[in-house]
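Visitor: Could you take me through the aromatic side chains and one backbone feature of the structure shown here?

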Amino acid sequence: MLVDKIAIVVDDYDQAIRFFTEALGFDLVEDSPALTTEGGRPKRWVVVRPPGAETGILLARADGERQAAAVGNQVAGRVGFFLQVEDFDAAYRRMTAAGVKFVTEPRDEPYGRVTVFLDISGNRWDLIGPVASH
């Protein structure tokens, strides 16, 4: 058994794809037309994932007011997503250069080096690297 995908509600497919592939370095696994929404609006099946990962992220465009209200607030303002990297400093520099907004300074925790960043929709993520050696 495995978690195959999780969904993140976004405002726009193409902006979200650019953020996840260019700013975070994820792979675009699939971008296909899908059945229309209940209201008859077209939608797409868009999946991204970190290189080498098994679990994908389904980028789901908000459909209707209720879903639009969830954009950027999928987990009630908490950190809800965790991106584990081998080289924290390199990932932090690359993401900063790509315009990713970090909301905390990098810090050392017992579980690793960590900082919080926002995705394209405003959801909070932890960037986590190995415990810093001193």
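Guide: Buried means under 20% relative accessible area, exposed over 50%, and partly exposed in between, with a 1.4 Å probe and protein chains only. This is a predicted model, in which local features need pLDDT of at least 70 and side-chain atom pairs count only at pLDDT 80 or more, whereas totals for chains, interfaces and linings use all residues. Residues are numbered from 1 along each chain as its sequence is written, and side-chain values use heavy atoms, with hydrogens and water left out.

Visitor: Is A76 buried or exposed?
Guide: A76 lies in the loop between α2 (65-70) and β5 (79-84), where helices (H or I, at least four residues) and strands (E, at least two) are DSSP runs numbered from the N terminus. Although A76 is not a glycine, its phi is positive, at about 55°. With a relative accessible area of 65%, A76 is exposed.

Visitor: How many aromatic pairs are there?
Guide: Rings of Phe, Tyr and Trp (its six-membered ring) pair if their centres lie within 6.5 Å, and planes under 30 degrees apart count as stacked, over 60 as edge-to-face and the rest as tilted. By this rule, the count of aromatic pairs is nine.

Visitor: Which kind of pair do F19 and F20 form?
Guide: F19 is buried at 10% relative accessible area, and F20 is buried at 0%. Their ring centres are 5.3 Å apart with 90° between the planes, and the pair is therefore edge-to-face.

Visitor: Which kind of pair do F88 and Y92 form?
Guide: F88 and Y92 are four residues apart in helix α3 (residues 88-97), separated by about one helical turn. With 6.0 Å centre to centre and 10° between the planes, their pair is stacked.
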